[in-house]
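Subject: Structure for your review

Dear colleague,

Please find below the sequence and structure that I am handing over to you. My findings follow directly after them.

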Amino acid sequence: MNILQLVGFAATAVVLLKILEAVGSKVGPYIKVLVGLAIFSFACSQLDVMFDIIRDLASKINMEGTYLTIIFKIIGIAYIAEFGLQLCKDAGEEAIGKKIEFAAKVMIFVVAAPVILALVELITGLL
């Protein structure tokens, strides 16, 4: 699926949602969630390309595997949390989405802590 197909799929879903909304149907939030999941699965299929590019760049600058793993985890947490937040918004549950966002920020800090500590040690060692 390319971006034109993806946008066509989303546009069709929006038109369907507007029609259902006009006739007073209550299935809109369910369709929004299903469309969101379909788009998420498409996006996930594209992540391999992004990870390959990051691996290639990391090998060119001789980045340690530990740091690369941390970067991948942070990217994964950020993307999945953003998707979860948007999915909750689509379902009319923005409050739950905000909790996902908060938890993701905490998780990113926890995952990044070893890098932060290594930087602090490096800086204090230079002084």
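This is a predicted model: local features need pLDDT of at least 70, side-chain atom pairs count only at pLDDT 80 or more; totals for chains, interfaces and linings use all residues.

Leu-119 lies in helix 4 (residues 94–126); helices here are DSSP runs of H or I with at least four residues, strands are runs of E with at least two, and both are numbered from the N terminus. Leu-119 is partly exposed, at a relative accessible area of 47%. For accessibility, buried means under 20% relative accessible area, exposed over 50%, and partly exposed in between, with a 1.4 Å probe and protein chains only.

Residues are numbered from 1 along each chain as its sequence is written, and side-chain values use heavy atoms, with hydrogens and water left out.

Helix 4 also contains Ile-96, which is partly exposed with a relative accessible area of 46%. Ile-96 and Gly-84 are twelve residues apart along the chain, and their C-alpha atoms are separated by 9.2 Å.

I turn next to the helix packing. Two packed helices are described by the angle between their axes and the distance between the axes. The axes are lines fitted to C-alpha atoms, for helices over the stretch in contact, and the angles run from 0 to 180 degrees between N-to-C directions.

Helix 3 and helix 4 have axes that come within 8 Å and cross at roughly 170°. Helix 3 is therefore roughly antiparallel to helix 4 (angles under 35 degrees count as roughly parallel, over 145 as roughly antiparallel, 65 to 115 as roughly perpendicular and the rest as oblique). Their contact (heavy atoms within 4.5 Å) comprises 18 nonpolar, two polar and five charged residues. In this classification Ala, Val, Leu, Ile, Met, Phe, Trp, Tyr, Cys and Pro count as nonpolar, Asp, Glu, Lys and Arg as charged, and the others, Gly among them, as polar.

The axes of helix 2 (residues 28–60) and helix 3 (residues 65–90) come within 11 Å, crossing at roughly 165°. This makes helix 2 roughly antiparallel to helix 3. Among the residues in contact are Phe-40, Phe-51 and Ile-54 of helix 2, together with Phe-72, Tyr-79 and Phe-83 of helix 3. By class, this contact has 16 nonpolar, one polar and three charged residues.

Helix 1 (residues 3–22) packs against helix 2 at an angle of about 175°, with the axes 10 Å apart. Helix 1 and helix 2 are therefore roughly antiparallel to each other. The contact includes Leu-6, Phe-9 and Leu-20 of helix 1 and Ile-31, Val-35 and Phe-42 of helix 2. It divides into twelve nonpolar, one polar and one charged residues.

In the loop between helix 1 and helix 2 lies Lys-26, which is exposed at 71% relative accessible area. Lys-26 and Asp-52 are 26 residues apart in sequence, and their C-alpha atoms are 42 Å apart in space.

Finally, the cysteines. The count of disulfides (pairs of cysteine sulfur atoms within 2.5 Å) comes to zero. Cys-44 is in no disulfide, its nearest cysteine sulfur being that of Cys-88, 16 Å away. Cys-44 is partly exposed, at 32%, whereas Cys-88 counts as buried at 13% relative accessibility.

Yours sincerely
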